[in-house]
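User: Please take me through the terms used for this model and the values behind them.

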Amino acid sequence: MKKVIVDMDGVMADVYHQLMQFEKRDSGKEMEIATLKGLPEAESFPNSKKHVNEIGFFRTLPVMEGSREALEYINNKYELYIVSAGMEFPNSLREKYDWLAEHFPFISWEQIVLCGSKKVVHGDIMIDDYPKNLDHFAGEKFIFTQPHNELIENESYKRVHSWEEIMSIL
């Protein structure tokens, strides 16, 4: 059975929507996601470091459209692991675990890996939105489209735009 590694933030959880809401809350500024194409998250969201360190930020992330159904399908067909680099934001560790338990109850605690670097992760397929996490991976690489990676072209990744598209491939 193939091992599928799936990232949380920007793949399962809609971080952009959350950051846009927090920016609006703090500055009153309405943002259009189309204007963020190709920009690093830190440039798009000047207060992002503050926001990701707030208690509750990761716990209240919206679920990415289609991810629940797709991951339930993948979980039944493959050996699934959710791998998230959470050590940079220590508050996120418990919040990410609780978020997964609420929204993805079919994923057991044994399938959750909260780590510092994904360089130690091995498997057959990885789905992530950051090239730095895919670059070291030896298996098949899927880059999940987010504004910060839209302009990146790399033949070693397969670009996917939605969970529906991932389900049609897997």
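User: What makes the largest pocket a pocket, and what is its volume?

Analyst: The volume of the largest pocket is about 650 Å³, a volume being the space filled by probe spheres set on grid points joined across faces, edges and corners. On a 1 Å grid over the protein atoms alone, a pocket is an open set of points with protein on both sides within 12 Å along at least five of seven lines, and lining residues have an atom within 4 Å of a point. The lining has 29 residues, and Glu41, Glu88, Phe89, Tyr130 and Lys132 are the closest to the centre. This is a predicted model: local features need pLDDT of at least 70, side-chain atom pairs count only at pLDDT 80 or more, and totals for chains, interfaces and linings use all residues. Residues are numbered from 1 along each chain as its sequence is written, and side-chain values use heavy atoms, without hydrogens and water.

User: Why is Asp7 called buried?

Analyst: Buried means under 20% relative accessible area (1.4 Å probe, protein chains only). Asp7 has 6% relative accessibility, and therefore counts as buried.

User: Why is Asp9 also called buried?

Analyst: The relative accessible area of Asp9 is 17%, so Asp9 is buried.

User: How do you know that the side chains of Asp7 and Lys118 form a polar contact?

Analyst: Their separation is 2.8 Å; the term requires a pair of N or O atoms within 3.5 Å, where within protein one must be able to donate a hydrogen and the other to accept it, and residues adjacent in sequence count only if both atoms are side-chain atoms.

Terms used:
Buried < 20%, exposed > 50% of the residue type's maximum accessible area, 1.4 Å probe, protein only. 1 Å grid on protein atoms, 1.4 Å probe; cavity = no way out; pocket = protein on both sides within 12 Å on 5 of 7 lines; lining within 4 Å.
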